[in-house]
Amino acid sequence: MKIVKRFSEIYTQEKRQENALDFNDLEHFALEILKVDYIRQDVKSKYKHIFVDEYQDINAVQESIISLLSNDNVFMVGDVKQSIYGFRGSNPDNFLNKKNTYTAIDE
């Protein structure tokens, strides 16, 4: 565990020196920015629909971002049998939970 912690410290320091961000940073910074009410409302107002493909592969941060931006206007596609990003925190239960909370629309 010491090796992982030390790597993380060095990696973070190197990114700061290079004024660089990785994808994980972008996700977390987006989430923090969207927690500011007036920013979130401004961003939400720009999107009529939100489409998410491979929903089974989203992680908790991405789920939070989608939830913050949603106005019941999210279209999700996924297949839990095809989940491949567990190593980066994806959780196919996110998709299953959505499936179980939505009810069928009778026509």
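In which loop is the place of Asn19? Select Asn19 and you land between α1 (2–18) and α2 (23–34). Before going further, some ground rules: this is a predicted model, where local features need pLDDT of at least 70, side-chain atom pairs count only at pLDDT 80 or more, and totals for chains, interfaces and linings use all residues. Residues are numbered from 1 along each chain as its sequence is written, and side-chain values use heavy atoms, with hydrogens and water left out. Helices (H or I, at least four residues) and strands (E, at least two) are DSSP runs, numbered from the N terminus.

**Stop 1**

Check the backbone of Asn19: its phi is positive, about 55°, although Asn19 is not a glycine. Asn19 is also exposed, at a relative accessible area of 73%. The accessibility classes here are buried (under 20% relative accessible area), exposed (over 50%) and partly exposed (in between), with a 1.4 Å probe and protein chains only.

**Stop 2: back along α1**

Pick Lys15, which is found in α1. Is Lys15 buried or exposed? Buried, because its relative accessibility is 12%. Skip its neighbours within four places in sequence, and Lys15 is in contact (heavy atoms within 4.5 Å) with Ala20, Asp22 and Asp25.

Next, show the rings of Phe7 and Tyr11. Their centres are 5.7 Å apart and their planes are at 10°, so this pair is stacked. A search of the whole structure finds 2 aromatic pairs. For the cut-offs, rings of Phe, Tyr and Trp (its six-membered ring) pair if their centres lie within 6.5 Å; planes under 30 degrees apart count as stacked, over 60 as edge-to-face and the rest as tilted. Phe7 and Tyr11 are separated by about one helical turn because they sit 4 residues apart in α1. Colour by accessibility and you'll get Phe7 as exposed at 54%, with Tyr11 partly exposed at 35%.

**Stop 3: Arg40**

Jump to Arg40 in helix α3 (residues 37–44). Arg40 counts as buried, with 14% relative accessibility. Where does its side chain reach? Follow the Arg40 side chain to the backbone oxygen of Leu34, at 2.9 Å. Leaving out neighbours within four places in sequence, Arg40 is in contact with Leu34, Lys35 and Leu68.

**Stop 4: the core**

Select Leu31, Leu34, Ile50, Val52, Tyr55, Ile58, Val61, Ile65, Ile66, Leu69, Met76 and Phe95: these 12 residues are the largest nonpolar core. Such a core is a set of buried Ala, Val, Leu, Ile, Met, Phe, Trp, Tyr and Cys residues joined through side-chain atoms within 4.5 Å. Which element gives the most to this core? That's α4, with 4 residues. Elements giving two or more residues are α2, β1 and α4. Zoom in on Leu31, which touches Val61, Ser64, Ile65 and Leu68, not counting residues up to four places away in sequence.

**Last stop: Glu54**

Finish in the loop between β1 (50–52) and α4 (60–69), where Glu54 lies. Glu54 has a positive phi near 55° and is a residue other than glycine. At 36% relative accessibility, Glu54 counts as partly exposed.

Technical notes
A polar contact is a pair of N or O atoms within 3.5 Å; within protein, one must be able to donate a hydrogen and the other to accept it, and residues adjacent in sequence count only if both atoms are side-chain atoms.
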